[in-house]
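Here are my notes after going through this one. Have the structure open while you read, and follow along point by point.

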Amino acid sequence: MVKHIVFWQLKEEEAPRAAAIAGDLRARFQALLGVVEGLEAIELGENYNNGPYQLALYCAFSSRQAEQAYQTHPAHLAIKQIVHTLVCGRAAVDYEV
């Protein structure tokens, strides 16, 4: 199983809308379940502690190949385009368990 965790820093002008953005993106990412083969779980949340990242995404995949396929899946790429308009920073970690 592969875990994929991403943290995003919202642009300064988007930060006041963090809760609304989190809700919208949560629904979009959760809609990928059953669409992206090998995607077993997906969660998106708003950070309630101070720090440079306001949003966090957690995904679980059945394999590295499934995670790689997710990265180029058209449904994921459509969400990624939206995310890129909202954020100015990103950190990610992928690991296998």
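1. Overall layout. Bear in mind that this is a predicted model. The protein has three helices and four strands, and from the N terminus on they come in the order β-α-β-β-α-α-β.

2. Size and shape. As for burial, 33% of the 97 residues count as buried.

3. Take the contacts between residues at least 6 apart in sequence: 69% of them join residues at least 24 apart.

4. The core. The largest nonpolar core holds 24 residues, and those touching the most other members are Trp 8, Leu 25, Phe 29, Leu 32, Ile 42, Leu 57 and Tyr 70. Two or more residues each come from β1 (2-10), α1 (18-30), β2 (39-46), β3 (55-61), α2 (64-72) and α3 (74-86). Which element gives the largest share? That would be α1, with five residues.

5. Phe 29. Beyond its neighbours within four places in sequence, Phe 29 is in contact with Trp 8, Ile 42, Leu 44, Leu 57, Tyr 70, His 76, Ile 79 and Val 83. Among these partners, Trp 8, Ile 42, Leu 57 and Tyr 70 are also on the list of core residues that touch the most other members.

6. The α2/α3 pair. These two helices pack with their axes 5 Å apart, at an angle of about 55 degrees. That angle falls between the 35-degree limit for roughly parallel and the 65 degrees where roughly perpendicular begins, so α2 and α3 are oblique to each other. On the α2 side the contact is made by Tyr 70, Gln 71 and Thr 72, and on the α3 side by Pro 74, His 76 and Leu 77. Sorted by class, that gives three nonpolar residues, three polar and no charged ones.

7. His 76. Is this α3 histidine, His 76, buried or exposed? Its relative accessibility is 6%, under the 20% cut-off, so His 76 counts as buried. Leaving out neighbours within four places in sequence, His 76 is in contact with Phe 29, Leu 32, Tyr 70 and Gln 71. Tyr 70 and Gln 71 also belong to the α2 side of the helix contact.

8. Ala 22. Over in helix α1, Ala 22 is buried, with a relative accessible area of 1%. Which residues does Ala 22 touch, not counting those up to four places away in sequence? They are Leu 44, Glu 46 and Leu 55. For a sense of distance, Ala 22 and Gln 68 lie 46 residues apart in sequence and 24 Å apart in space, C-alpha to C-alpha.

9. Tyr 58. This tyrosine sits in strand β3, and with a relative accessible area of 23% Tyr 58 is partly exposed. Not counting residues up to four places away in sequence, Tyr 58 touches Lys 3, His 4, Ile 5, Ala 41, Ile 42 and Glu 43. From Tyr 58 to Gln 81 there are 23 residues in sequence and 18 Å in space, C-alpha to C-alpha.

Methods:
Residues are numbered from 1 along each chain as its sequence is written. This is a predicted model: local features need pLDDT of at least 70, side-chain atom pairs count only at pLDDT 80 or more; totals for chains, interfaces and linings use all residues. Side-chain values use heavy atoms; hydrogens and water are left out. A nonpolar core is a set of buried Ala, Val, Leu, Ile, Met, Phe, Trp, Tyr and Cys residues joined through side-chain atoms within 4.5 Å. Buried means under 20% relative accessible area, exposed over 50%, partly exposed in between (1.4 Å probe, protein chains only). Contact means heavy atoms within 4.5 Å. Axes are lines fitted to C-alpha atoms, for helices over the stretch in contact, and angles run from 0 to 180 degrees between N-to-C directions. Angles under 35 degrees count as roughly parallel, over 145 as roughly antiparallel, 65 to 115 as roughly perpendicular and the rest as oblique. Ala, Val, Leu, Ile, Met, Phe, Trp, Tyr, Cys and Pro count as nonpolar, Asp, Glu, Lys and Arg as charged, and the others, Gly among them, as polar.
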